[in-house]
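User: Hello! I am new to this structure and would like to understand a few of its backbone features. Could you walk me through them?

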Amino acid sequence: MRKNADKSHEDSLPLTSPGNHQNLSLNPNVPSSHKPAFAPNSTLAKLRNTDGLGPSTLSIIEEAERRGIPWRRMDENCKILLGYGKIQQLIRATITGKTSCIGVETVDDKYETKNILAAAGIPVAEGFVCNTVEELQDVVIKLGWPVVTKPLNANHGKGVAINVRDLDIAKEAFAYAQNYSPEVMVEKYIEGEDHRILVIHGKFVAASHRKPAHIIGDGKSTVQQLIDEINQQPERGHGHEAALTRITVDCDTDKQLQKKNYDLDSVPAEGETVVLKSTANLSTGGTAVDITDDVHSGNRFIAERVAALLGMDLCGIDVIAPDLKSPMAENGGAVIEVNAAPGFRMHLAPSEGKPRNVASAVVDMLYPPPSESRIPIFAVTGTNGKTTTTRLLAHIVQSCGYFPGYTTTDGIYIGGHQVIVGDCSGPSSASTVLADPMVDFAVLETARGGLLRSGLAFDYCDAAVLTNIAADHLGLKNINTLEEMAEVKAAVVRSVKQTGWAVFNAEDQNCVNVSKTVDCNVGYFSLDGQNKLIRQHIANGGLAATVEEGQVVIHHQNQRTSIAGVEEIPLTLNGTSKCMTANILAAAAVVFSYGFTAEQIHAALMSFIPGPEFTPGRMNYFQIRDFSVLVDYAHNPHGLREMQDYLTHIKANRKVGIIAGVGDRRDSDIVELAEIAGSMFDHIIVRQEHSLRGRELSEMHNLMVSGIERAGRNISYELIPDEKEAIAHALETAQSGDYIVALSDNYTDVINIIHDYQH
């Protein structure tokens with residue numbers, strides 16, 4: 001499909017923004033993105049030429065950026081994703097996702113193109129396809145001299161010979177063309193100048209008069225010296241890295257010089273023009289003059305009709321004619337070729353004339369104003385509660401008719417289906433969701449690790465929530481205090497667009513501190529309806545979600561909206577789980593700020609049932625014969641205290657905890673977690689995480705036992721490092737009326753063991 005694409009080495013360097021290209025040229029008339037950015041022979045220059053984005057692609061990207069359209073490079077070649085999710089558009093060089101495959105295949109076949117256009121009354125050069133020298137001889141007899149020979153399938157003027165006037169040269173040109181294609185097009189030579197017309201979305205956009213690479217003598221310098229002098233011009237670079245391409249000496253150059261009995265050491269007379277190439281392609285060192293405003297309306301119509309006849313949304317039409325000011329029907333001009341993925345350099349930065357922002361027409365075609373290029377994005381960060389809040393937000397969104405994609409610490413979900421398993425709370429996973437063509441709403445859990453490694457996958461989001469800041473992962477990546485951790489998490493809420501909403505935990509001072517640094521609308525949530533900040537915020541007409549008289553309520557603009565009774569919402573476990581209630585408040589504030597109604601929020605909360613389906617690994621309850629099991633992810637002191645509060649509502653013969661420390665946490669964090677466990681359970685089974693993360697097993701056991709003993713309750717404990725064995729042992733030894741709490745991030749295996757035991 002791309003064989004005949006008139007394009008540059010359009011892509012491979014993994015750029016994140018076209019703004020990385022610096023303007024180092026001395027020519028103020030050449031746009032910065034089309035000037036060489038590095039010394040010609042430097043390693044960086046070579047890398048940019050072979051792997052960098054070409055000027056045509058860059059021009060589209062830059063135009064997209066000007067309009068606030070996000071973009072992303074999808075592979076090492078030149079495929080670029082514009083926009084997000086369901087309203088994304090793809091380009092590869094100047095081929096778009098809307099470009100017809102049949103159209104490209106048609107224009108790739110020069111003979112088929114010629115026949116279609118001729119049948120429709122478009123002026124074309126008469127010609128035939130030859131496979132052998134014998135066929136060549138027959139064709140030139142039919143056409144008469146002079147002729148043009150060119151490969152049936154090629155680009156950039158490769159293998160083309162023009163104005164061929166005798167059989168010996170024709171045979172040589174035929175062999176030259178067969179280096180690029182076994183089939184060779186032989187056409188009647190049309191007298192005139194070389195022109196390129198660009199048509200985008202059915203409309204004439206720009207036109208150029210192309211001139212072959214040439215030098216002008218000064219009466220002193222040799223041909224080679226004049227070529228070298230031209231190649232030193234700042235606007236010329238290797239390949240397609242600059243507005244113009246450096247002139248290379250090849251067999252075509254030699255043949256052009258031989259016509260004048262010249263070689264590279266010849267000295268042209270002052271003012272003498274010496275043509276160095278048989279074609280006017282910019283890729284061979286040619287130049288271009290903008291003639292957009294001079295093209296006759298009849299020729300514009302022909303160009304637009306050519307694009308329509310061939311089914312091309314974007315194409316470059318090559319015309320040979322004395323000029324384009326007068327109709328081709330009158331001056332003998334003809335369409336000689338149509339190109340898919342035409343290069344934009346000659347229009348963006350012509351050697352003479354007005355530069356044309358042709359990329360604007362491409363972006364208009366892909367995203368006709370005022371169409372959107374983005375899908376809504378909710379981002380969730382904090383220490384605890386992120387995953388459940390993310391899941392709840394996605395459930396609300398989906399229940400309101402959207403098709404969401406969301407990321408969590410246990411996987412990527414598209415439309416409620418898990419498509420990737422694993423910790424997917426980083427920017428790579430977020431990018432996967434944003435690039436999914438089925439997704440029309442993104443909800444992205446955004447954890448500390450991904451932020452520190454790679455930042456965010458988006459430039460801004462519509463709403464974000466900061467659930468809390470607690471002691472977890474401190475001492476890692478040079479983050480040693482809660483204030484420093486808050487600053488890391490703050491990157492998420494600071495990415496909310498100016499008209500969007502950032503929602504904060506009013507009971508967490510670090511969250512409150514961050515709320516004062518954002519440049520968007522601010523909302524708060526709190527379990528305490530009398531929280532001083534909440535009351536003041538409500539009095540000022542601000543957005544706040546809280547609990548009042550047993551009801552989840554939202555205040556905004558001095559209006560009080562009741563959502564549901566806390567105890568009737570399934571996720572609160574009859575109102576006994578404060579942490580789940582806090583997650584509900586956070587999610588309700590976010591969706592209310594976005595515009596979801598109280599009725600929509602209420603209906604979604606009522607259908608969000610805690611358990612393996614909606615909240616896998618979070619407060620999953622199982623009744624087994626005469627004892628109970630709860631599976632949860634609480635893995636740090638803050639989360640364990642939330643569990644401790646919940647267990648105060650539970651009556652049990654024994655409360656048994658299956659706990660583990662995490663090896664890369666500080667000694668004090670590991671001991672504290674075990675101490676909390678020692679204060680809330682009657683019996684503890686100490687297991688081990690999948691990886692010791694740099695510690696010895698004996699060291700972990702010593703720290704955990706130290707913490708349990710520090711609780712001062714003289715409770716029993718067992719050390720069973722393997723998690724599956726620990727779970728199975730707890731189930732086998734459970735006593736009537738026991739309440740077993742299995743704290744695990746490997747919830748799938750744990751739940752499977754429980755299900756097996758139930759049966």
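Backbone features, step by step

Analyst: Gladly! Please keep in mind that this is a predicted model. To begin, Pro-370 is found in the loop between α12 (359-366) and β18 (377-381), and the peptide bond leading from Pro-369 to Pro-370 is cis, with omega near 5 degrees.

User: What is the peptide bond from Trp-145 to Pro-146, and what is its omega?

Analyst: The bond from Trp-145 to Pro-146 is cis, with omega near -5 degrees. Pro-146 is found in the loop between α5 (133-143) and β6 (147-151).

User: Why is Asn-261 called exposed?

Analyst: Exposed means a relative accessible area over 50%. Asn-261 has a relative accessible area of 72%, so Asn-261 is exposed. Its place is in the loop between α8 (251-258) and β14 (273-275).

User: What is the phi of Asn-261?

Analyst: Asn-261 has a positive phi of about 60 degrees, although Asn-261 is not a glycine.

User: And what makes Ala-341 count as buried?

Analyst: Here the cut-off is under 20% relative accessible area. Ala-341 has 0% relative accessibility, and therefore Ala-341 counts as buried.

User: Where does Ala-341 lie, and what is its phi?

Analyst: Ala-341 lies in the loop between β17 (334-340) and α11 (345-348). Phi of Ala-341 is near 50 degrees, which is a positive value in a residue other than glycine.

User: Thank you! How would you put those last two residues side by side?

Analyst: Asn-261 is exposed, whereas Ala-341 is buried. Asn-261 has a positive phi, and Ala-341 has a positive phi too.

Definitions and conventions. Residues are numbered from 1 along each chain as its sequence is written. This is a predicted model: local features need pLDDT of at least 70, side-chain atom pairs count only at pLDDT 80 or more; totals for chains, interfaces and linings use all residues. Side-chain values use heavy atoms; hydrogens and water are left out. Helices (H or I, at least four residues) and strands (E, at least two) are DSSP runs, numbered from the N terminus. Buried means under 20% relative accessible area, exposed over 50%, partly exposed in between (1.4 Å probe, protein chains only).
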